[in-house]
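Work through the following exercises with the sequence and the model at hand, and try each task before reading its solution.

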Amino acid sequence: MIRASRARTLSIRRSGLRPDYTRRVDLVSVNLAKDARKAGARVGLKSDAIVVEGGKPLTGRIEVRGAKNLATKAMVAALLGDTPSLLQGVPEISDVDVVTRMLDAYGVAVTSPAEGELLLDPSNVLKAHFAQIDALAGSSRIPILFCGPLLHRLGEALIPDLGGCRIGDRPIDFHMDALRAFGAIVDKSYEGIRITAPNGLHGANIELPFPSVGATEQVLLTAVRAQGVTELKNAAIEPEIMDLIAILQKMGAIIWTEANRTIFIEGVDSLSGYTHRAIFDRNEAASWAAAALATHGDIYVGGAKQLELMTFLNVFRKVGGAFDVHEDGIRFYHPGGQLHPVQVETDVHPGFMTDWQQPLIVALTQADGVSIVHETVYENRFGFTDALVDMGADIVVHKDGLESISRRVPRRKLEQAAVITGPTPLHGADVRVPDLRGGFSYLIAALSASGTSRITNLGIISRGYERFVEKLEALGADFRLEG
Ligand code: EPZ
């Protein structure tokens, strides 16, 4: 059996690609391995590899806390306040540690008065150096959201070259266009981007080409203290966005949303700190639900709520999964019987989230028939399927996407489609985590496969899954950590 990474290098060599391409691929892998170790170390995960004995259903209860995709932005928002903020339900993940170190570099005192709580005191904000921010940010994209608050506090923001992760190029053109619309000046240099606002920031009329989560957050974090009113059209309305709006309103902001993805923000001169409990992590909840399905398991996800998971629950039920909604969580389980194929289109909220497709695809490899997943948000989010194919899955990726009569989401040039034919038994293999959600899907695949799997770059998973090793233990998984 050829190991996944050797297979890739061999196929590249056979394709006669220039050696420097191979060197670039190896370099990317080396950097990813470094990032994985750093990310793991930030949350005390010393091992880089996990060896899983598959075939055992996951059963038991786990808790999900605050959302990675809200907590990190809420921490940045504290920079806008004149007084300290208290964030509760903070997950112990490495992305939170990255933002804590960055805030510290900008003079924000970050302490933890209790478990899962962060007190953020922005009384003495000061300038930080490019190199410092670059080193701290690593491959995180969060520095881009510091722009607005730093322009208001310091009149300048320095953004290192962000780069993308393996799911797409992830350009920042919407962010830069929005900041220019507020009156900011954007200067690109070899180090990164320097943004200034010599004449201050004023309200603007902005229409996003695509309802980008990041660009919507950029506009919110900038407009709340800009002179005048900002109208944002085609905004993202994800639950994490609405939770960020709730936080800003608690701080003293004036924000109202309209039904057609339009948000109005009336700038104010000053904001105070907030006290807020972060919305639960619906991506983590959906991931454990997919794990219950693929392992024929029964997992109670404490902290999960129905409203933010409506679309996921519909698809979960259509595939053949069962769930019970309770006051303090949701029970997800495999009710027995055969799983059913489905057609899924990822989309912006309230559609099926792009972050849910990777874990779900593992379960779809066990459905009786042909499933199709159309990825419409990112241009390269099926790279992880290579390793699933190495484990015995039947997945074909159509790089230009697939026409389909029953499509609801308007086709995007960048989209791709994966055709999953099942059921095919999965067997253990050695795989390397390529990105956050891909990594968790490998855990699910290894747990539902026969035989032994070895998963490396484990730290990448700790970027967004709090204490996942303890949770696997609590759910009765058979594994050991290595290296
Ligand atoms: C956020 O990323 C999340 N990350 C992502 O979750 C999530 O997949 C994504 O929103 C969509 O819901 C965080 O919140 C930290 P976007 P973000 O701006 O803000 C294009 C996970 O696994 N675009 O909504 O970066 C972009 O390339 C992560 O938790 C531009 O073209 O996503 C993409 O195709 C992965 N130009 C699309 O818009 C821009 O300036 C959506 O990106 C900005 C975005």
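**Exercise 1. Which polar side-chain atoms lie by oxygen or nitrogen atoms of the ligand, and how much of the ligand does the protein bury?**

Begin with Lys73, from which a polar side-chain atom lies 2.7 Å from an oxygen atom of the ligand; a polar contact here is a pair of N or O atoms within 3.5 Å, and within protein one atom must be able to donate a hydrogen and the other to accept it, while residues adjacent in sequence count only if both atoms are side-chain atoms. Next, Asp173 places a polar side-chain atom 2.6 Å from a nitrogen atom of the ligand, and for Tyr378 the corresponding distance, to an oxygen atom of the ligand, is 3.2 Å. Finally, the ligand taken alone exposes 830 Å², of which the protein buries 88% (Shrake-Rupley areas with a 1.4 Å probe; for residues, only the protein chains shown count as cover). The model is predicted, so local features need pLDDT of at least 70 and side-chain atom pairs count only at pLDDT 80 or more, whereas totals for chains, interfaces and linings use all residues. Residues are numbered from 1 along each chain as its sequence is written, and side-chain values use heavy atoms, with hydrogens and water left out.

**Exercise 2. How many residues surround the ligand, and which helices supply at least two of them each?**

The shell holds 21 residues, the closest being Asp173, Ser212, Asp355, Val377 and Arg437, where a residue is near the ligand if one of its heavy atoms lies within 4 Å of it. By class, the shell divides into nine nonpolar, five polar and seven charged residues (Ala, Val, Leu, Ile, Met, Phe, Trp, Tyr, Cys and Pro count as nonpolar, Asp, Glu, Lys and Arg as charged, and the others, Gly among them, as polar). At least two shell residues each come from α3 (68-77), α7 (173-181), α8 (213-223) and α12 (354-364); helices (H or I, at least four residues) and strands (E, at least two) are DSSP runs, numbered from the N terminus.

**Exercise 3. In what order do the strands β17 to β20 form their sheet, and why is one side of β17 and of β19 left without a neighbour?**

The order is β17-β18-β20-β19, in an open sheet of mixed pairing, two strands being paired if DSSP finds at least two bridges between them. Because β17 (343-345) and β19 (394-398) stand at the edges with a single partner strand each, one side of each has no neighbour in the sheet. Neighbouring strands are turned by 15 degrees against each other on average, direction ignored. Five bridges join β19 to the antiparallel strand β20 (residues 416-422), and Val397 stands opposite Ala418 in β20. Lastly, α12 lies across β17, β18 (369-375), β19 and β20, and runs at about 165 degrees to β18; contact means heavy atoms within 4.5 Å, and angles run from 0 to 180 degrees between N-to-C directions of axes fitted to C-alpha atoms, for helices over the stretch in contact.
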